[in-house]
Every structure is written in structure tokens, then in C-alpha cells.
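Here is a quick tour of one chain, written for someone who likes to know the cut-offs behind the words. Have the viewer open as you read.

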Amino acid sequence: MDEITRLAAELGEGLRARGEQASTAESCTGGGIAEAITRIPGSSAWFEAGYVTYSDRQKSAQLGVPTDLLERFGAVSREVVEAMARGAQARSGARYAVAVSGVAGPDGGSPEKPVGTVWLAWADGERLSVMRRQFPGDRGEVRRRTVQAALAGLIRLIAGEMSEGGVGHHGNGAAQG
């Protein structure tokens, strides 16, 4: 079993044990987190919905992200992933949500947001944790690492191991909260 499938199975065990559900709001991963979750037999009991909102327009339309946040901060920002996570919770009714937005490459980077920059947010009821990561590698590697970090963060959130408010910037290590 690969690492992503193992993480998805562990997430499912944690959610099932608590009788809770999760939802995803994805941009740069294009549905990869939801795909990993639904690899697990029985995931319909604990996975509520996945939103793939690649464009800014869909972030607003599907998740209710305010257009002024997108205009002021850009899609790859703390403010937008927080709004994406809250929107996924509100629209799906799931207690837990994860949201990701990043620059997977090979193009689209800038000095402020180079290729590999990813913002992740995890929501649990009223609590919200946010992290900025800088992943190395090509487009596929950035996306794979983002899926892993998103799942690992959900596992930590459900286990009560993630601090509220966020964690700022982290390098290439394990997901932290």
C-alpha cells in the first residue's frame, strides 16, 4: 500500500470511529485528495463531498470565497484557503474540511509565490489551522506532497493534535500544525 492510500485509510478509521465526515476543497491537486479518500472501501460513510475549484470564479461560486479576497490576496493565500475550508464545511455539512491552493508548476510562480508554494487549511467546527509549505520537485511531486500533507493534517486535526490558528511557514518536513 502506498503512503497516500495508507494515510487515507487511517483518516477513514479516525472519522468512522468518531461518526464524523470530512470534505475537501481543492485547487492545485485537482481532486487528488478526494480521489485518495475514495480509494478506501466504505469511504461513503465518512466522506461527504469534494469540491474541485480550479478557477477563481469557481472558488466563489462553489465555496462562497469572497471575490475581494481573491483580488486582494490571490488564490494562493492564507485568506483564500481559510475561506475555501469554511465554504466546504458550510456547503457540505461535514464537521471536518481541508482546503488547498498552490503553484504546482512548471509555470505560474512569482518571486513572492514560487513554484511549489502551497497553502493548506484544515477546519474542525470553529477551529481552523493553516500552513504554508514550499514543496520541491516537478508538478507531479508538488501535487503528491500536497495530497499527503492534506491527509496527514486531517488525521492530526481529528486526533486533536493540531493547534488552532495556524503555523505559518514550514519547509519540506512532515505536516505540522
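## Ground rules

Contact here means heavy atoms within 4.5 Å. Buried means under 20% relative accessible area, exposed over 50%, and partly exposed in between, with a 1.4 Å probe and protein chains only. Helices (H or I, at least four residues) and strands (E, at least two) are DSSP runs, numbered from the N terminus.

This is a predicted model, where local features need pLDDT of at least 70, side-chain atom pairs count only at pLDDT 80 or more, and totals for chains, interfaces and linings use all residues. Residues are numbered from 1 along each chain as its sequence is written, and side-chain values use heavy atoms, with hydrogens and water left out.

## The whole chain

Six helices and six strands make up the element list, and from the N terminus they run α-β-α-β-α-α-α-β-β-β-α-β. The radius of gyration (over C-alpha atoms) is 15 Å, close to the 16 Å of the globule rule for 177 residues, so the chain is as compact as a globular protein of that length. That rule is 2.2 Å times the number of residues to the power 0.38. Along its principal axes, the C-alpha trace spans about 45 × 30 × 25 Å.

Of the 177 residues, 51% count as buried. Take the contacts with a separation of 6 or more: 65% of them are between residues 24 or more positions apart. The chain also carries 20 positive and 21 negative side chains, and the centres of the two sets lie 1 Å apart. For that tally, Lys and Arg are positive and Asp and Glu negative, with His and the chain ends not counted; each charge is placed at NZ of Lys, CZ of Arg, CG of Asp or CD of Glu.

Helix α1 covers residues 3-18, and its 16 residues should span 22 Å at 1.5 Å a residue; the end C-alpha atoms are 23 Å apart, which agrees. The expected span is 1.5 Å times one less than the number of residues. Buried residues of α1 are I4, T5, L7, A8, A9, L11, G12, G14 and L15, and their cover includes β1 (22-26), α2, β3 and α6. Just after α1, G19 has a positive phi of about 65°.

Helix α5 (residues 78-92) gets the same check: 15 residues should span 21 Å, and the end C-alpha atoms are 21 Å apart, in agreement. Its buried residues include V80, V81, A83, M84 and S92. Just after α5 comes G93, with a positive phi of about 80°.

## A cis bond in a loop

G105 and P106 are joined by a cis peptide bond, with omega about 5°. P106 sits in the loop between β3 (96-102) and β4 (117-124). For background, most residues other than glycine have a negative phi, and most peptide bonds are trans.

## Two buried residues

Where is T146, and what does T146 touch? T146 belongs to helix α6 (residues 139-158) and counts as buried, at 0% relative accessibility. Leaving aside neighbours within four places in sequence, T146 is in contact with C28, T29, V100, V118, L120 and F135. R133 is 13 residues from T146 in sequence and 8.6 Å away in space, C-alpha to C-alpha.

S43 is in the loop between α2 (32-38) and β2 (47-52). S43 counts as buried because its relative accessibility is 8%. Beyond its neighbours within four places in sequence, S43 contacts I37 and T38.
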